[in-house]
Amino acid sequence: PVIGVEDVSAFDINNLNQIVGTFEDGITWVGFIWEGNDYTVLPTKSGPSAINDSGVVVGAYYPISQPNKRAFVYDPVNGLRDLNDLIPIGTGWELLEATDINELGQIVGTGYLNGVIKSFTLTPNKLIVKKPTAGELFIAGEVDTIKWIGGGNIDSVKISAILNWNTVLQTEIVLDQSIPGSTGS
């Protein structure tokens with residue numbers, strides 16, 4: 001039990017037994033991640049809907065500065081981030097709610113595309129890796145794993161990589177799926 005909480009709702013559990021849900025006190029609500037006998041509180045008026053095995057959470061929150069709810073992604077390193085800030089500017093999208101995330105980091109949800117409600121799929125950028133030669137640094141993976149593959153005594157190393165950190169999400173967004181029961185298509 002959490003002091004002052006009147007209602008607890010759980011929405012998803014991953015293979016590591018981490019649970020996401022909300023605490024409500026009768027006035028406001030807040031999202032949480034429950035693990036073992038401890039919990040991490042997400043910002044007020046956040047409603048997580050899913051968590052993957054990497055501990056990345058998605059859902060919706062109500063920011064003070066916006067009239068609509070907004071889709072979010074949360075991880076312990078970066079905290080809560082508005083998905084609208086992570087997609088390219090000028091797409092015509094306002095992402096309202098992220099409803100699920102898979103082990104590849106792909107996120108699905110709903111939002112407005114030029115004022116019409118649609119579903120979306122977001123796919124994370126991948127780190128581009130070229131095959132290293134002897135003495136080079138090898139960088140790979142979604143968590144940016146770094147492994148030294150060279151050998152011998154080396155005084156200096158030239159590191160080259162192609163990174164796209166402008167956005168976390170590709171511009172390749174699946175946009176053409178209408179939500180059943182919605183108006184417009």
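User: Before we start, which rule says that two strands pair?

Analyst: Strands here are DSSP runs of E with at least two residues, numbered from the N terminus, while helices are runs of H or I with at least four. Two of these strands pair if DSSP finds, between them, at least two bridges.

User: Thanks! What kind of model is this, and how many strands does the chain have?

Analyst: This is a predicted model, where local features need pLDDT of at least 70, side-chain atom pairs count only at pLDDT 80 or more, and totals for chains, interfaces and linings use all residues. Residues are numbered from 1 along each chain as its sequence is written, and side-chain values use heavy atoms, leaving out hydrogens and water. The chain has 0 helices, and its strands number 14.

User: Which residue takes a positive phi in the hairpin of strand 1 and strand 2?

Analyst: Strand 1 (residues 7-13) runs antiparallel to strand 2 (residues 19-24), paired over 6 bridges. Ile 13 faces Ile 19 across this pair. Between the strands lie 5 residues, and the one with a positive phi near 60° is Asn 17.

User: In strand 3, what is the bridge partner of Thr 22?

Analyst: Strand 2 also pairs with strand 3 (residues 29-35), in the antiparallel sense and over 6 bridges. Their hairpin has 4 residues between the strands, with Gly 26 at a positive phi near 95°. Within strand 3, Thr 22 has as its bridge partner Gly 31.

User: What percentage of the chain is buried?

Analyst: Buried means under 20% relative accessible area, against over 50% for exposed and in between for partly exposed, using a 1.4 Å probe and protein chains only. Of the 185 residues in the chain, the buried ones make up 36%.
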